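Please open the model in a viewer and keep the selection panel at hand. The stops below are meant to be followed in order.

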Amino acid sequence: MKKTFLLEDLDCALCAAKMEKAIGKLEGVESASINFMTRKLSLSVVDSLFDSTLEQAQKIITKIEPDCRIVS
Amino acid sequence: MTQSHKKQLCKILIAAALIITGLVLSFYGRIDKRAVTGIYLGAYILIGGSVLLRAASNIRRGQIFDENFLMALATVGAIGLGEYLEGIAVMLFYQIGELFESMAVNNSRKSIAGLMQIRPDHANIMVDGQWTEIDPESVVIGALILIKPGERVPLDGRVVEGFSILDTSAITGESVPREAMAGNEVYSGCINLEGTLTVRVEKAYEQSTVARILDLVENAGSRKAEMESFITRFAGYYTPVVVAFAACLAILPPLLIPNASFGDWFYRALIFLVISCPCALVISIPLSFFSGLGSSSRKGILIKGGNYLEALAGAEIVVFDKTGTLTKGNFEVEDIVTDGGHGAPAGAQEEHTRKLSIYREPAVWRERLLELAALAESYSTHPISQSLRRAYGKTPDLTRIGKVTEAPGYGIEAEVDGRILFVGNRRLMTEKAGLTLPADPPGTVIHIAAQDAYIGHILIADQLKESAAAAVAGLKSIGVKKTVMLTGDVEGIGKKIAWQLGLDQVFAELTPVDKVDKVELLMKEKSPQGKLVYVGDGVNDAPVLAMADVGVAMGALGSDAAIEAADVVIMDDDPAKLTLAVQIARKTVRIAKQNTVFSLGVKGLILLLGALGFAGMWAAIFADVGVMVIAIMNAVRALGARDSRAGAS
């Protein structure tokens with residue numbers, strides 16, 4: 001399943017790159033891409049793991065940029 | 001400027017004022033040194049407090065090498081060495097840089113969002129006998145909507161009543177107005193300039209042109225340019241390496257070199273820390289590509305990602321499809337030639353014997369031939385079929401048509417009035433109908449035969465687009481090495497057009513499968529770095545569009561298939577836009593390269609000079625903040641790519 005999310009309060013380009021790398025390594029993630037300029041996270045995950053992956057992705061994002069949140 | 005920007009600016013100004021006060025006081029020497037130090041420290045806490053806090057909380061969360069930590073370490077280090085002023089200046093300029101970056105990014109995001117202000121905010125729909133404004137997303141297919149002068153067309157549909165002129169520039173980037181009257185299709189996003197139109201909705205909002213364009217533009221960035229990915233990877237190594245060098249500088253020389261002062265080398269290490277953030281690169285490269293994509297969408301050229309922008313910049317071979325790309329695709333019937341009468345369809349011959357008088361008239365024969373051709377082509381969307389139906393003028397009686405098989409690159413085999421009819425090119429006649437024909441007259445010839453009896457042919461002509469020659473010349477002038485045309489049409493026409501337009505090569509009489517083969521062949525001709533760009537109408541050339549390095553679909557307004565299949569979508573049908581697209585792409589890539597070389601060059605130089613003791617903290621601040629500000633200003637230049645069209649109109 002492929003979905004695009006908006007990352008609210010994404011303010012740091014380097015952080016976006018770090019998040020992208022870390023989310024890409026999560027289990028079940030086929031591809032993860034963050035565009036800093038459009039603040040879009042494009043996430044492609046195997047269907048069964050989608051919800052749990054999204055939760056983990058939020059954790060990673062919070063760790064790197066505390067204010068940044070995934071909104072759909 | 002947002003609220004938080006204003007707050008930050010306030011802090012910066014107060015801190016700057018404090019620093020100047022401290023400077024003035026210490027210059028006149030009338031005050032205790034400790035008081036000046038106090039003022040400096042106050043300024044430092046004011047401007048750098050948030051950085052120190054973030055650095056601390058990031059370390060707790062396991063993020064060590066982030067810019068907050070590095071800046072905190074560098075400034076605290078400088079203050080520890082007694083270099084109060086330098087320590088505070090680093091923090092102050094770092095914050096100024098951050099503020100500038102945040103504002104520049106915000107502005108770019110806004111200006112691109114501004115370009116895309118094409119989202120319709122309401123649709124007028126009849127509720128209880130009154131026109132009421134509702135959200136376009138809740139309008140169903142088949143509903144009637146009213147579009148008043150000055151309003152934006154909210155959904156794709158067909159005009160039922162009224163006449164008006166539409167401004168399509170928001171969608172196509174071209175300010176040529178289009179007429180809209182009963183029976184015409186209208187596309188969402190256009191602006192109604194004059195009359196009131198009543199339109200029957202044909203597509204739900206999500207499927208409408210405007211929604212698709214917005215979706216495409218908003219998601220363009222998910223496919224990154226190679227340069228962007230490279231910079232991200234590079235940044236991952238740059239910081240740890242520079243920090244490692246800084247550690248070495250602080251520790252090794254004082255141990256190894258006799259009489260080396262620890263303070264001196266520690267100061268040099270701090271310079272490294274200030275320069276260790278790759279911010280200038282990490283922000284300016286994506287910003288350049290983002291601006292390039294925005295600039296092209298303003299011109300009605302939608303590019304689906306930075307990678308395609310990068311590929312366009314390397315365009316070496318440009319392959320055009322003929323029909324609908326270089327020519328208007330408005331085929332008009334020029335001549336109808338019946339084959340004497342002996343080849344008339346069997347049904348007609350029976351009638352012929354009964355009502356001989358009617359069919360003696362050649363005009364009636366010609367009309368009959370056109371009718372048969374139009375009937376056979378009733379279901380086809382090919383431009384030639386459409387022109388036949390247009391020339392026929394009446395609505396074809398679909399009950400007379402049986403099974404229809406369309407063979408792309410050949411023509412149509414259809415059952416009309418219970419008899420098999422072949423309508424197509426010469427190849428269809430020889431290979432499928434088993435006929436031997438005399439040589440074709442020059443032009444696009446549609447032969448018509450019934451089973452094995454030849455009936456006659458219809459001559460069809462297409463016109464070149466006005467800007468076709470300028471498009472080819474424009475590409476040449478910006479250094480595209482080779483221009484090629486592919487066509488399913490006959491050799492004679494292909495050669496004639498190639499000569500008229502100044503194309504380098506033409507391949508004629510191709511089926512869609514042949515086109516794939518030819519593009520494959522051409523792909524081998526280009527240099528390793530060169531890119532092949534294929535330009536088609538996106539309707540029946542999806543495989544070729546996918547195979548080329550960059551597939552460009554032309555005249556995409558109203559064609560979903562084209563928007564779907566291509567990497568680059570040119571909304572109107574002006575081939576000269578391609579030159580503009582390549583120019584924007586080149587400018588963007590050039591800016592990105594300048595930023596890379598400039599940022600790395602300056603940083604490298606100051607690192608070297610710093611290690612040798614020739615560059616101080618002020619130079620380091622320039623290498624960090626100054627370089628970032630310059631790189632951002634350069635990147636934003638890509639947004640305003642010049643509108644030269646290389647000789648076109």
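Predicted model: local features only at pLDDT ≥ 70, side-chain atom pairs only at ≥ 80, totals over all residues.

Residues are numbered from 1 along each chain as its sequence is written, while chains are lettered from A and ligands numbered from 1 in the order in which they are written.

**Chain A**

Select chain A and colour it by secondary structure. Two helices and four strands make up its elements, where helices (H or I, at least four residues) and strands (E, at least two) are DSSP runs, numbered from the N terminus. Along the sequence, the pattern of chain A reads β-α-β-β-α-β. Its C-alpha atoms occupy a box of roughly 30 × 20 × 20 Å along the principal axes. The radius of gyration of chain A is 11 Å, which agrees with the value near 11 Å for a compact globule of 72 residues; this radius is taken over C-alpha atoms, and the globule rule is 2.2 Å times the number of residues to the power 0.38.

Of the 72 residues of chain A, 39% are buried. A residue is buried if 20 or more other C-beta atoms lie within 10 Å of its own, exposed if 12 or fewer, and partly exposed in between, with C-beta atoms placed from the backbone.

**The contact between the chains**

Next, display both chains. The contact involves 14 residues from chain A and 19 residues from chain B; two residues are in contact if their C-beta atoms, placed from the backbone, lie within 7 Å. On the side of chain A, two or more residues each come from α1 (13–24), β2 (29–35), β3 (40–45) and α2 (50–64). Which element gives the largest share of that side? It is α1(A), with three residues.

**A sheet in chain B**

Select β6 (178–181) and β8 (191–192) of chain B, the edge strands, each of which pairs on one side only. They belong to an open sheet of three strands in the order β6-β5-β8 (chain B), with antiparallel pairing; two strands pair if DSSP finds at least two bridges between them. Strand β5 (residues 163–167) of chain B is joined to β8(B) by two bridges, and B:L166 has B:N192 as its bridge partner in β8(B).

**Helices of chain B**

Now select α9 (residues 279–298) and α22 (residues 577–612) of chain B, which pack at an angle of about 170° with their axes 9 Å apart. This makes α9(B) roughly antiparallel to α22(B), a term for angles over 145 degrees. Axes are lines fitted to C-alpha atoms, for helices over the stretch in contact, and angles run from 0 to 180 degrees between N-to-C directions.

Move to helix α6 (residues 209–218) of chain B, whose buried residues include B:R212 and B:V217. Among the elements covering the buried residues of α6(B) are α9 and α21 (560–565) of chain B.

**Two loop residues**

Finish with B:D417, in the loop between β14 (411–416) and β15 (419–424) of chain B. Its phi is near 50°, a positive value in a residue other than glycine. B:D417 counts as partly exposed, with 17 C-beta neighbours inside 10 Å.

B:E509 lies in the loop between β19 (505–507) and α19 (512–525) of chain B. Although B:E509 is not a glycine, its phi is positive, about 55°.

Methods
Parallel < 35°, antiparallel > 145°, perpendicular 65-115°, else oblique.
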